[in-house]
Amino acid sequence: MAVTAPATAAAAVSFSLPSAPRGRGPRSRRRTPSLLRAASTAAPPSPDLSIQLSPRASPPASANGTAAGPPVVASFARDRAEDLQAEARAMARAVGATVYSPELLAARYGSRPFKARGPGSQARINFGIVVALRAAEVLSKLGAFGVKLLLDERRGDSSSAKRRERAVELRTILTRLGPTFVKIGQGLSTRPDLCPVEYLEELSELQDSLPTFPDEEAFACIERELGFPLDSMYSAISPSPIAAASLGQVYKARLKYSGKLVAVKVQRPGIEDAIGLDFYLLRGLGFLINKYVDIVTSDVVALMDEFARRVFQELNYVQEGQNARRFKKLYADKQDVLVPDIFWDYTSGKVLTMEWIEGVKLNQQAAIESQGLKVLDLVNIGIQCSLRQLLEYGYFHADPHPGNILATPEGKLAFLDFGMMSETPEDARVAIIGHVVHLVNRDYEAMARDYYALDFLEPDVDVSPIVPALKNFFDDALNATVSELNFKTIVDGLGAVLYQYPFNVPAYYALILRSLTVLEGLALYADPDFKVLAASYPYFAKRLLTDPNPYLRDALIELLFKDGRFRQVPAHLWNRLENLLVQGRQDREFAAKDALQPVLKLLLGPDGEELRVLVVKEAVRVTEAITIGTLIDSYNSAPEFLKPLISSGNPAGPFKFSEAEREQMMELRDQVFRVWGLLRSSNNFDPSLLQPIVLQDPEARVLGSRVAGGVTQRLAARLLQQLLRIPPASGSQ
C-alpha cells in the first residue's frame, strides 16, 4: 500500500486517546510481548505534527481480577521463541483473512443480498442491482475510452502526442474508478510488453486518492481485531490519521506497556467487498476479450487472476508483517539500511503495528540536505540494496516509490510498506548479470538468446528478427560507454522492442525496471548527470569477480576476453580487469582473495583448456613486457657516460624496437603492476593462500611448465630478433 499524507495531516495534531468510551473486546488473557529491538516505524510524520501526551488512568480490572488489557512483561528482552509465539497468535487472529479465489468470488457475488455500507444504513438490497450499477459505471467509462482508441486507429492518428493525450485520459479514468483500477493501472505501468512508452510514463504517476474513513471506524476495528480496549493498549494515539491510501490509513501511537512509538495501520472498512466486486466484473470482461478480441494474444483472465492475488495479499496485514520480517533478515544486516520491527501482539489481518521511524521522504531534497545528508549518497545506498534484492537473494520490494523510502537523521535508508513484494528466480538472477555483460560487449545475438533464460520468450520463438532491433537501438544509444547511458533510455528503448515482438515480460523483471527507474529519477533531481548503471558497476564487478557460479565465471571470461568462444585475447583485457577491480573495491564486501580462487579453479578445471591456451599466451606477453620494461628502465637510469657503451653508440638505445612497440610493452607492464597493486591493497589479500591450489593441482604444474616454455621461446626469439634486426633510426615510429 502506498502511503501518502492526507490534507488533514498538515495541521498540528494532538496525540492522545479519544475521550469517548469505547466498547471492549473479549477479555482473553494475552501475554504482552516484551519490547522488540529499539528504533521506531511507520509512515513518516507530517512536518507540523506536534505530540501532546497526556497521562492515562490504568484500565479497570475485570470481574475476575484480570486486567482488561495486555499484561506488562517484566523483562524487555524477547527471545526468538517468544517472537514466534506472538507471530503465531497474530496468524490465528488473521485466520479468516480473505484469499483470492475465482470460485469464491462467483459464489459470493452471485445473487445474494448485499448489505449496503454507510452511516446508519441497515438496508438490504438485491446484490444483482449493485453488480449492474457498478458494471454500468465501469463499462461506460472504459467503453467510451475504447471507442476513442478505435476512432484514432481508423483515422490513422497514432502519433506520440495523441498517445500521450489518451494515456492522460486513461489515468484520469482509472483514478475515478477507485482503488482496484488504480492498482491495475500501477501494474500496467510496469509492463512494457503490453503498453507503449507514453502509457507507461503516465500510468506510473497514478496515486491512491481516496478520502480518509472515519476515525471511529478505525478505532473500533483496532479493538475488534486485537480484542482489547484502545486505552489498555495505547497510552496515546493520534486522533486522526497521519497518512492514508486506498487500502488503509496510518495512526501514530505510543504503546502503554513499553512507551514505544509505533505506527498502526488500519484497513479501510468494506475494501474487500469493493475490490472483490471489481475483480468479479473484470474476470467476466476478460472472458469476453479472450473469446472475441483476436488482437489480444495474452490470456486476459490469467493476467487478471495473477494481479488479483497480489492485491488480496496486500489485504492481509499479517502477511505484510511476515514480508517485513523476511526483508529485514536478508538486507538489514547493512549498517545503512533500516527495516522496522513488527509488534506481533498488536497485529492482525486488518491491523498492522510497526515501530515508528522518523525520516524524510527521499524526494524532499531540501529537507534531507538541511540534516547534513546528501541525496546521492542515499540513492547509492538504495541502488546497492536494490541490486542485492534483485540479483543476490531474489526477494525484493516491489513498490519502492519515494513515500516508501525514508532518509533517517542518522543517514540510513529506511524501507516501509511491505504489502507488495516479488521474487526473482535464481536462474534469472545470473542471466541478468550475463545480459549486462553482453550489453557491454554489444553482443546482440547473445542478448537476444538471453531472453530464453529470462523467460521472456518461448523456446520455439525465432530471435533472429529481434537482433537487428536491439542493434539499431543500442548502437544509437551507446555513443560512449554503457555506464554513461541513462537507465530510463534503456527502459524506453527496450520497451519499444518488447512491445513490437512476441515478448511476455515476467512480473519480476517489470518490477526491477520500475525499481531502478524510480531510484534514478530521485537522483536526477540532485544531479542531472547521474547514471544508475555507473552506480551499479561496483556491485556487478564484485559479483563477477567473486561469485563462484559457473554462469558468472563464463560471463567474467567473456567480459575480459570479449569473445565467449575464446578466439583471441583483446588488447583491452587489462583495461577491463583493472576497471573491475577499481569498481569492485568500492563495494565494502569485496575481497580480492574471493575473486582469485574461483578463477583459478575454473582455469585448472577439466573444462578450462581453451582458457589455459589464452592464459599461456597472455602470461608470455606479460613476462616479456616486464622483462624488457625492466631492462629499459635500467638503461634509462644508467649514468649518461655509460649509455653509449651499452647501446654501442646507437642513439635510439640498445633495443631495436620501434617507438610504438616500446610504448605498448611499457603500457602493458604498467597496467599489470597497477592490477597487482589493486590486488595487494585489497582487504585480507594474501597470495600465499593460493599456494595449496597452485602447488597441489597437477594441472597447475603442467600450466606452469607451459608458461615457462613459452617465456623461454619468446625471449630467445626476441634476443635473436635483436641481434639480426637493423636498428631503427632515432625517433622512428
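**Figure 1. Proline 400 in the loop between strands E10 and E11.** In this predicted model, proline 400 has a relative accessible area of 4% and is therefore buried, the cut-off being under 20%. The residue is placed in the loop that links strand E10 (395–397) to E11. Leaving aside residues up to four places away in sequence, proline 400 touches Ile405, Ser515 and Val518. The C-alpha atom of proline 400 lies 9.6 Å from that of phenylalanine 418, a residue 18 positions away along the chain.

**Figure 2. The open sheet of four strands, in the order E7-E12-E11-E9.** Pairing within this sheet is mixed. Its edges are formed by strand E7 (337–338) and strand E9 (360–361), each of which pairs on one side only. Helix H13 (residues 375–393) packs on the sheet and touches E7, E11 and E12. The direction of H13 makes an angle of about 45 degrees with that of E12.

**Figure 3. The antiparallel pair of strands E11 and E12.** Strand E11 covers residues 405–407 and strand E12 covers residues 413–415. The two strands are joined by three bridges. Within this pair, leucine 406 faces alanine 414 of E12.

**Figure 4. The packing of helix H23 against helix H25.** Helix H23 comprises residues 609–637, and helix H25 comprises residues 659–680. The helices pack at an angle of about 105 degrees, and their axes are 8 Å apart. H23 is therefore roughly perpendicular to H25, a term that applies to angles of 65 to 115 degrees. The contact of H23 with H25 contains 10 nonpolar, two polar and six charged residues.

Figure 5. Of the 733 residues in the chain, 52% are buried. The accessible surface comes to about 34,100 Å², and carbon and sulfur atoms contribute 56% of that area. Among contacts with a separation of 6 or more, 75% are between residues 24 or more positions apart.

Note on methods
Residues are numbered from 1 along each chain as its sequence is written. This is a predicted model: local features need pLDDT of at least 70, side-chain atom pairs count only at pLDDT 80 or more; totals for chains, interfaces and linings use all residues. Side-chain values use heavy atoms; hydrogens and water are left out. Axes are lines fitted to C-alpha atoms, for helices over the stretch in contact, and angles run from 0 to 180 degrees between N-to-C directions. Angles under 35 degrees count as roughly parallel, over 145 as roughly antiparallel, 65 to 115 as roughly perpendicular and the rest as oblique. Ala, Val, Leu, Ile, Met, Phe, Trp, Tyr, Cys and Pro count as nonpolar, Asp, Glu, Lys and Arg as charged, and the others, Gly among them, as polar. Buried means under 20% relative accessible area, exposed over 50%, partly exposed in between (1.4 Å probe, protein chains only). Contact means heavy atoms within 4.5 Å. Accessible areas come from the Shrake-Rupley method with a 1.4 Å probe; for residues, only the protein chains shown count as cover. Two strands pair if DSSP finds at least two bridges between them.
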